[in-house]
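Please consult the sequence and the structure shown below while reading.

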Amino acid sequence: MLHMVSEVPPKKITVDSDVFAPDFREEPYWWSAAPLSAAAGPQTVSGKVDVAIVGGGITGLVAALHLARGGADVIVLDSQEIGEGAARRNAGFVGRTLKRSVSWLAAKHGTEHAVRVYRELDEALAGLGSFIEREKIDCHFKVCGRFIAANSKAHFDALIAELDDTRREVGFEYSVVEKHQVHTELASDRYHGGAVIPDLGSLHPGLYHAGLARKVLDEGVRFAPSTKVLSIDSNRVGKVVKTSRGDLVASHVIVATNGYTSRAFDWLMRRVIPFRGFIVATEILPATMIDRVMPRRRTYLDTKMNIDFLRPAPDSSRILFGGMTGTNSPQATPLAEQLRDRLVQILPDLDGVRLSRAWTGQCAGTFDFMPHIGVKEGVHFALGYNFAGLPLGTHFGEKLAARILQKGDQTSVFDVERFPTMPLYNGSPWFVPLAMRYFDWHDGRIARG
Ligand SMILES: Cc1cc2nc3c(=O)[nH]c(=O)nc-3n(C[C@H](O)[C@H](O)[C@H](O)COP(=O)(O)OP(=O)(O)OC[C@H]3O[C@@H](n4cnc5c(N)ncnc54)[C@H](O)[C@@H]3O)c2cc1C
């Protein structure tokens with residue numbers, strides 16, 4: 001049974017009403033349509049289960065769904081509410097995002113490997129669309145296309161060269177948008193052209209995760225929110241999962257903690273780099289304004305390493321904008337004004353717009369910029385999505401279930417022996433702000449040619 005968690009009172013913002021709309025609060029925009037709901041979980045955690053899943057995000061819930069349908073007795077443990085991680089905080093872009101290009105991978109690991117990586121990303125993208133359709137999850141999923149805006153002429157040339165390589169090797173289509181055509185996509189004078197990738201999409205992450213949670217509960221899976229997993233040890237009967245609310249024994253354990261991976265999983269923690277993303281939502285705008293500034297209602301991002309990204313809300317007349325990734329701030333509100341100003345620099349028509357929401361969430365990078373799925377000491381894991389967890393979390397969730405059930409396609413090109421870390425790295429990402437500064441310098445250098 002689901003019950004609502006009482007809403008956090010709006011954070012009082014009195015200082016600058018030019019920036020904050022009267023209904024402003026620090027909370028993901030998505031939670032208005034998909035409030036965090038807590039399953040009436042067990043008071044204590046005990047007994048024996050077939051599968052214990054740590055993390056109730058996308059990966060964890062997709063795995064839970066397939067496992068339960070395969071006949072397994074499953075419990076999902078989360079230290080927060082189910083879905084309170086990045087699952088209901090992300091931007092809802094549905095793509096094939098990877099920081100490593102086809103040509104980079106081909107040069108380093110050979111063309112065959114590069115093609116397999118991009119084919120699997122494509123499989124994950126297509127798989128998400130068909131999963132949503134098959135499960136009838138009403139989450140505004142749409143193949144809206146993505147406009148990638150070039151920050152300079154040099155960025156434009158590099159973008160088109162990369163998209164050409166990708167089309168040649170794996171057949172992904174795109175169309176060029178010349179500088180003088182940018183206004184057909186975005187009412188901005190900031191960009192030097194760009195490209196449209198027509199088969200990428202968007203969704204409402206709150207409704208996607210909430211729909212998924214309902215399906216999982218319908219299959220008899222138990223949710224244990226506010227239950228932090230402290231350790232996992234093996235003994236003769238299985239894996240002993242110690243939690244903040246008791247211990248249980250599981251035949252199999254999945255760790256699906258992505259950007260929230262903690263000390264309990266030391267080996268993984270030393271391999272993922274948690275970093276924060278920040279998003280703001282504008283107040284309600286006239287619908288004609290959205291049509292003017294983003295006439296094709298796609299998703300939009302730029303070519304910088306440290307991207308700015310924007311999209312229309314799928315269920316109201318607002319624009320969502322994200323940037324300043326990796327800034328060391330536990331809240332988004334202190335960055336809200338800067339984010340608003342960056343949005344207005346891109347879309348000057350929005351001058352004077354105020355914000356109704358700001359929020360942050362944790363993503364996970366990896367030292368090789370690749371997502372990873374695998375098994376360590378008998379514990380299954382999938383994480384390190386580098387901003388692409390909607391398709392990959394869904395894809396890996398299904399793979400994890402297939403591996404435990406020993407049926408279906410269990411293979412993945414991302415299942416490699418090597419999951420690199422860095423000497424002395426203990427999970428505390430002190431270098432992320434420095435890396436972001438380096439990326440800014442690097443982008444500037446490309447822009448200057
Ligand atoms: C601001 C932002 C924007 C993003 N935009 C996009 C986007 O547009 N498109 C896209 O594809 N991806 C995007 N992402 C990334 C995407 O949201 C994540 O990759 C995805 O949610 C990861 O899903 P997950 O299920 O693996 O992890 P999460 O949804 O993060 O869930 C992990 C869960 O593990 C729990 N946990 C951690 N440790 C423990 C423990 N010891 N015991 C119990 N529970 C534990 C946490 O409480 C958390 O709920 C974005 C992320 C952020 C933060």
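Is Arg25 buried or exposed? At 12% relative accessibility, Arg25 counts as buried; buried means under 20% relative accessible area, exposed over 50%, and partly exposed in between, with a 1.4 Å probe and protein chains only.

## Basis of the report

This is a predicted model, in which local features need pLDDT of at least 70 and side-chain atom pairs count only at pLDDT 80 or more, while totals for chains, interfaces and linings use all residues. Residues are numbered from 1 along each chain as its sequence is written, and side-chain values use heavy atoms, with hydrogens and water left out.

## Salt bridges

The whole structure contains 26 salt bridges, each defined as a side-chain nitrogen of Lys or Arg within 4 Å of a carboxyl oxygen of Asp or Glu. One of them joins Arg25 to Glu27, with the closest N and O atoms 3.4 Å apart. Glu27 is buried, at 6% relative accessibility.

Asp341 and Arg340 form another salt bridge, at 3.1 Å from N to O. Asp341 is partly exposed, at 32%, whereas Arg340 is buried, at 10%. Through shared partners, salt bridges also connect Arg69, Glu135, Lys215 and Glu219 in one network.

## Cysteines

A disulfide is a pair of cysteine sulfur atoms within 2.5 Å, and by this rule the count is zero. The sulfur of Cys139 lies 12 Å from the closest cysteine sulfur, that of Cys144, and is therefore too far away for a bond. Cys363 is likewise in no disulfide, its nearest cysteine sulfur, in Cys144, being 19 Å away.

Cys139 is buried, at 1% relative accessibility, and Cys363 is buried, at 13%.
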